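Trainee: I have a structure here and would like to talk through its interfaces. Could we take a look together?
Mentor: Gladly, let us bring it up.

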Amino acid sequence: MTVVDPGVDPDLDPEDGVASNPYDPDESEGAISVIRRGIAASPELKRGVWLTAAMGISVALGQLAVPVLVQRTIDQGGLSDSGDVDIPAVTRLVVVVVAVVLFAAVANWRTQRRLLQRAEETLYRLRTDAFAKVHRLSVADHNDTRKGILLARVTSDVEALAQFVQWGFFIWVTSPVLILGMLAVLAVYSWPLAVVVAVCFMPALPLFRWVQRRQLQANDAHRTAVGTMLSSFSEAVTGAAVIRAYGVQTRQAEHLQRSIDLRYRTKLRANRYMALVFVIADLFAAIAFSGVLVLGVMFRDQLGIEAGELVASLFIVLLIAGPIAQLSEVLDSTQGAVSAWRKVLHLIDSPVDVADPVPGLVTPAGPVAIEVEDLSFSYRVGPRVLDGVSISIPSGTNVAIVGETGSGKTTFAKLLCRLADPQEGSIRLNGVEIREMSGTSRLDTVRMVPQDGFLFDASIGDNIRFGRPGATDDDIAHAVDLLELGWWVERLPDGLLTEAGERGSNLSVGERQLVALIRAALADPGLLILDEATSAVDPETDAALTGAIQRLSAGRTVVSIAHRLATAEASDCVVVFDAGRIAQMGPHHELVQEPGIYQRLHQAWIGATR
Amino acid sequence: MDLPAHSPSRSVLGLGLRLVVRMYRMHPLAASVAVFGAFLTAIGIVGSTVVIGWVTDNVVLPSFEPGSTIGLTDALWGVVAVACVAVIRSAGSVMRRYYAGMTTQQVERSLRERLGRYYLQLPMDFHQRSMAGRLIAHADNDTMMATHVLDPVPFTLGTFFLLIFAAISLITIDLTIAVIALLIFPAMYTLNRIYTVRIEAPTAAVQAGVGRVSSLAHESFDGALVVKTLGRAEAESERFNASSARLRNDRIHVGNLRAVFESSLDALPSLGIAAVVLIGAYRIDAGAMSGGDLVQVVSLFTLLAFPMRVLGFFLEMVPRSVVSHRRLQTVWNERLPEVRTAPSSERPRSSRASTLEVRNVSYTYPAVSRLDDDEDAEAGPRLIQTQAPQEILKDVSFSVAPGQVVAIVGGTAAGKSTLCSLIAGLTRPSAGLVALDGSDVIELPADTRADHVSLVFQESFLFADTIAENIAFGTPDRTRLDAAMAIAAADGFVSELPRGVETVVGERGVTLSGGQRQRIALARALYRQPGLIILDDATSAVDPVVEKRILDALRNQLDTTAVIVAQRLSTIELADSVVFLRKGTVAGAGQHGDLLQLPAYRSLVEAYEEAST
């Protein structure tokens with residue numbers, strides 16, 4: 001098969017850096033605003049506020065029981081005045097504490113369970129909303145670069161949030177309550193001591209922020225280094241044949257070594273900051289401990305503090321370092337989670353370009369007459385792809401669209417089946433403006449057979465049935481017969497029950513197109529839009545495709561994006577696109593005589609094959 | 001100790017410990033520092049409980065006694081003790097964390113270096129029978145998981161030190177209390193163990209669910225255009241929602257388990273402390289211990305809770321690391337070819353076309369296998385054979401005189417690409433011999449083989465490097481580079497690139513079309529001016545007009561023998577002779593006109609002709 005314009009269709013080139021697109025949200029939006037928007041998007045969260053508070057309090061209650069028990073035992077159990085121990089008093093205390101600890105544990109269990117459930121419901125809704133949104137975006141948003149970003153929104157971004165829910169979130173709930181609770185108990189014993197502890201820990205905050213920033217940078221560098229290393233390995237594996245054919249093992253080994261070393265160094269740098277976080281909290285705890293000890297002993301009378309209270313205070317200072325260190329450790333993952341949340345919300349909130357009217361107009365069945373008037377279109381960024389295109393195609397005509405890569409021919413075909421809406425101009429099918437047609441009527445009337453024969457991981461029969469849900473086996477058999485492809489179906493290992501495999505990988509490119517054609521035949525549309533494959537197909541399948549297309553075309557209006565001379569020759573009318581405009585139009589035999597783009601294209605076709 | 005039924009069996013634990021020892025031996029220095037750090041941390045933790053007990057007995061309680069003489073000096077002694085303990089603990093903790101990380105990273109680096117060596121030096125058939133994705137995963141996730149077990153090791157060892165010190169300090173305080181305590185620690189350990197074992201399967205289910213959801217999304221977005229043209233967006237959403245709902249339920253299940261165990265693990269030390277306080281009160285009453293001793297024991301319990309958890313992490317990691325390491329082992333079980341140090345039988349590069357002789361060559365394609373995903377730690381990874389060995393070529397013989405152009409023609413799966421690989425000396429024939437100028441092509445030294453015979457592949461592979469580097473690999477000879485690019489018709493578009501031959505492929509949106517990539521790959525072969533050049537359908541994406549120009553130049557401007565796999569009639573007509581392959585055997589050889597007598601050949605060529613119009 002002759003390929004006139006190989007390579008990527010620049011109609012779908014990535015466009016970067018635009019504010020109002022679903023990919024790059026405004027990074028400057030603050031965390032608070034994100035959280036507010038997030039709560040608005042997921043009402044489940046609002047009901048979780050009380051639960052959250054209850055859980056924080058129950059955890060704090062359980063943990064604070066111990067220092068209070070120590071204090072009470074010393075002060076009321078009689079340990080401080082070296083006399084006899086008041087055993088009944090201690091027993092009563094222990095029973096109370098055990099009751100409190102058990103109650104707190106049960107409360108903790110119940111609230112944590114409920115809270116997690118809420119969080120998972122929210123994540124589920126976020127993920128499925130984002131997924132549904134992706135399929136409602138105009139097709140202009142689906143290209144290779146974009147696909148990766150959209151995929152990240154419903155997978156890794158939601159996962160980042162899920163990870164945060166599992167760890168960081170609980171620390172955010174419990175740690176502040178614990179810290180405040182401990183300070184509160186201290187303040188009850190002696191408020192000046194509580195102030196001293198708070199003041200002693202103050203300088204740790206800027207230090208934490210500094211470590212945090214350095215760590216974030218170090219982590220970024222590490223992530224980049226991992227990417228480089230993996231592509232280096234990927235070269236060694238996917239380029240294995242070339243590496244051996246050209247004997248460049250040594251060169252590749254050096255590349256690999258460099259990237260492995262770089263990853264190692266960046267990881268160590270990131271580890272350095274990790275190692276510091278806990279130590280900072282620990283050292284400041286030692287300072288606070290010393291402060292409380294010295295002041296408590298020196299000014300015990302002025303402070304009005306008892307022995308047990310002072311010991312309990314020392315105890316609390318020892319404990320308070322834990323939640324502080326934990327809180328500082330989750331700051332990092334919190335930033336990641338907030339930014340992931342922002343991205344997912346941005347996708348969900350982005351406007352839909354192509355919305356179907358409800359109820360919408362209905363076109364009658366039968367071949368479609370197309371009226372295109374003054375059509376202009378451009379993607380989010382970039383120049384106009386179509387510029388004032390007008391054409392009228394009578395019903396039942398077979399039109400071939402030709403043009404060089406980037407001439408706008410593919411975009412034109414996409415607008416005909418409303419995969420995107422034009423900025424200016426109109427398209428009328430049998431007199432009905434395409435934007436006013438109901439979704440179902442449009443799908444029944446217009447059917448596109450795309451170039452990439454993408455199949456779902458299901459049986460071939462099911463893949464065909466997607467063309468018209470509810471179609472019976474007889475309908476499918478009829479469609480197969482119509483295209484005279486019975487022999488091909490019989491040759492499949494399990495007939496129509498043969499599994500297509502992931503993306504249709506069990507079939508060749510040409511065979512996947514056959515399935516797409518049968519699918520279109522099942523839908524019986526009045527307007528058929530064919531995007532011819534450019535990739536090579538083996539001769540036998542190629543003959544089958546040509547025959548099937550001919551039979552499918554009978555009695556319909558057909559618009560083909562032609563890459564082959566034969567298709568153009570066989571059409572009723574050839575439309576030549578150039579730089580977003582229609583440059584030439586007419587039957588093949590006339591255009592060939594005219595000097596112009598078509599003649600040049602024709603020369604290349606002929607030259608290539610003879 | 002009784003462990004639940006599906007805990008890692010002794011053998012896996014044994015394997016894991018042996019793995020740890022083996023990895024530690026690779027980088028003993030950093031590992032030793034980390035363990036020493038853990039030792040210091042343990043001393044620091046127990047030390048801080050001793051200090052708080054001492055301070056209680058000797059500073060705090062006495063100072064509250066009537067007529068106490070305790071003043072600033074005594075308090076300052078307490079401060080000094082606290083400072084010393086804090087410094088020891090912090091230094092130990094930094095050493096442990098940093099050097100434990102370093103050990104893991106050093107081992108990871110060594111494992112990756114080793115993998116890289118194998119990937120680059122193993123013969124081509126290794127790559128043919130392994131999936132690329134699997135090999136990349138080995139270098140990425142598998143290596144990380146294999147070394148994961150090392151992370152908690154110093155802390156775990158530290159926990160053992162800690163338990164020993166704690167036991168000693170408890171016994172010196174009071175035997176009764178020590179016995180109670182020594183009962184509670186195993187209870188915490190067991191609870192931990194049950195938790196890590198119970199959570200393992202649900203966690204794995206969540207992991208699998210994450211994979212399922214993401215591959216579903218991947219498939220669905222890949223087919224976005226089809227989804228749209230078929231109006232299947234809602235059906236796709238339903239499919240995705242079902243899968244997400246399952247993941248959500250699995251996660252909630254894990255969360256419920258965690259809620260139970262986390263709250264129990266939080267409560268257990270507090271309950272232990274309550275018991276200790278009660279018994280302690282009796283012991284103090286009996287005069288067997290002091291108030292400070294009690295405070296010391298209580299704080300020991302508080303501080304020990306976390307290290308007990310780390311022990312659980314370690315046990316959780318063991319089976320995963322053992323499994324991952326076994327996956328790496330599948331690569332290392334291959335035999336590395338001996339690397340020849342001295343360039344043996346180095347032949348001067350033939351500046352003229354070579355003679356090629358293919359004598360009775362047969363080739364059987366090795367079995368293809370993939371790793372079974374549902375593996376368990378004890379059985380180790382299973383390789384599932386996905387494709388049986390296949391005989392691709394059978395007794396193929398032909399010869400090509402210097403300067404001749406031979407076209408290889410054959411339908412799908414006739415063995416054309418395999419034949420190319422055998423002629424280029426990349427693959428060793430199962431039987432027979434490929435002779436280049438009379439000597440076996442497989443014996444040519446790997447690093448200079450391309451100077452004698454260059455193969456251009458169907459799929460053009462470019463390195464993420466400059467175009468010049470992609471062609472010359474090293475400092476290029478400008479004249480030869482320009483000549484090669486001119487013949488390959490690559491000079492035109494390369495000169496239009498922002499930085500010409502210094503443009504880095506794939507960077508800043510410099511994307512090349514399939515045809516352009518093929519022309520660079522072709523220039524790579526031509527640059528070496530080999531005596532034999534093999535084109536394995538290497539111009540399929542090049543515009544036919546340009547292709548003809550390239551092949552003409554190849555013929556007329558170079559003194560080289562050429563073997564060309566042809567898919568177009570125009571290419572076949574260009575060749576001096578044709579070898580017609582069918583199902584791995586030579587079904588005919590000679591002039592194109594003569595071969596047309598063969599019905600099979602004629603119908604194939606006619607199909608090519610048909611397809612191109």
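Trainee: How many residue pairs are in polar contact across the interface of domain 1 of chain A and domain 2 of chain A?
Mentor: This is a predicted model, and the rule finds one residue pair in polar contact there, both residues being at pLDDT 80 or more. Salt bridges between domain 1 of chain A and domain 2 of chain A number zero.

Trainee: Which elements give two or more residues to the side of domain 1 of chain A that touches domain 2 of chain A?
Mentor: They are helix H5 (168-189) and helix H11 (307-349) of chain A. H5(A) provides the largest share, four residues. By class, that side has five nonpolar, one polar and one charged residues. About 680 Å² is buried between the two domains, 60% of it on carbon and sulfur atoms.

Trainee: Turning to the two chains, why is the pair A:Glu159 and B:Arg251 called a salt bridge?
Mentor: The closest N and O atoms of A:Glu159 and B:Arg251 are 2.6 Å apart. The cut-off is 4 Å between a side-chain nitrogen of Lys or Arg and a carboxyl oxygen of Asp or Glu, so the pair qualifies. Across the interface of chain A and chain B, the rule finds seven salt bridges, along with 19 residue pairs in polar contact.

Trainee: Which helix gives the largest share of the side of chain A that touches chain B?
Mentor: Helix H9 (residues 249-298) of chain A does, with 28 residues. The residues on that side divide into 79 nonpolar, 30 polar and 27 charged.

Methods. Residues numbered from 1 in each chain as written. Chains lettered and ligands numbered in written order. Predicted model: local features only at pLDDT ≥ 70, side-chain atom pairs only at ≥ 80, totals over all residues. Heavy atoms only, no water. Buried area = accessible area lost by both parts, 1.4 Å probe. Polar contact = N/O pair within 3.5 Å; in protein donor to acceptor, adjacent residues only side chain to side chain. Nonpolar A, V, L, I, M, F, W, Y, C, P; charged D, E, K, R; others polar.
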